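I opened this notebook page to record what I looked up, entry by entry, with the cut-offs written beside the terms.

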Amino acid sequence: QVQLVESGGRLVQAGGSLKLSCAASGRTFSSYAMGWFRQAPGKEREFLAVISWNAGNTFYADSVKGRFTISRDDAKNTVYLQMDSLKPEDTAVYYCAASTSYITNYREYAYWGQGTQVTVSS
């Protein structure tokens, strides 16, 4: 199976920046797409960004486009989420996930990390 571990979440001031990491271990596939999601208390899980390991294609949700950047390091099997111009409404638990498809629907992702808390203060 594939194990995913997120890291980098912390308390940050509004307008600041933060970079999250997602390290994959165990059985991995270069063709897997990797996605970032978030979930705030009382709200549904929200798609943020996806990147293809094989083709390098990326797609972003409108809510974060222009502020967040997804990237990868193939040698380390690691995916990153660079977050700039953070707002209080970005406060949530952030998750990375792996899918065999290049898709935004969370139901298509088979493997999930444990999540990392991001809190943005005003």
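How many bridges join E5 to strand E6 (residues 58-60), and in which sense do the two run? I find three bridges between E5 and E6, which run antiparallel; strands here are DSSP runs of at least two residues, numbered from the N terminus, and two strands pair if DSSP finds at least two bridges between them.

Before going further I note that this is a predicted model, in which local features need pLDDT of at least 70 and side-chain atom pairs count only at pLDDT 80 or more, while totals for chains, interfaces and linings use all residues. Residues are numbered from 1 along each chain as its sequence is written, and side-chain values use heavy atoms, with hydrogens and water left out.

Entry on strand E5. I looked at the other partner and found that strand E4 (residues 33-39) pairs with E5 in the antiparallel sense over six bridges. E4 and E5 form a hairpin with six residues between them, and Gly42 in the turn has a positive phi of about 75°. Ala49 in E5 stands opposite Trp36, and Ala49 also stands opposite Tyr60 in E6. Six of the seven residues of E5 (residues 46-52) are buried, so the strand is largely enclosed by the rest of the structure; buried means under 20% relative accessible area, exposed over 50%, and partly exposed in between, with a 1.4 Å probe and protein chains only.

Entry on Arg38. This residue lies in strand E4, and I list Arg38 as buried because its relative accessibility is 7%. The side chain of Arg38 makes polar contacts with the side chain of Asp90 (2.9 Å) and with the side chain of Tyr94 (2.9 Å). A polar contact is a pair of N or O atoms within 3.5 Å; within protein, one must be able to donate a hydrogen and the other to accept it, and residues adjacent in sequence count only if both atoms are side-chain atoms.

Entry on the disulfide. My search of the whole structure gave one disulfide, a pair of cysteine sulfur atoms within 2.5 Å. Cys22 and Cys96 form this link with their sulfur atoms 2.0 Å apart, and with 65° about the S-S bond it is right-handed. The pair links distant parts of the chain, Cys22 in strand E3 (residues 18-26) and Cys96 in strand E9 (residues 92-99), 74 residues apart. Both Cys22 and Cys96 are buried.

Terms used
Helix = DSSP H or I, 4+ residues; strand = E, 2+ residues; numbered from the N terminus.
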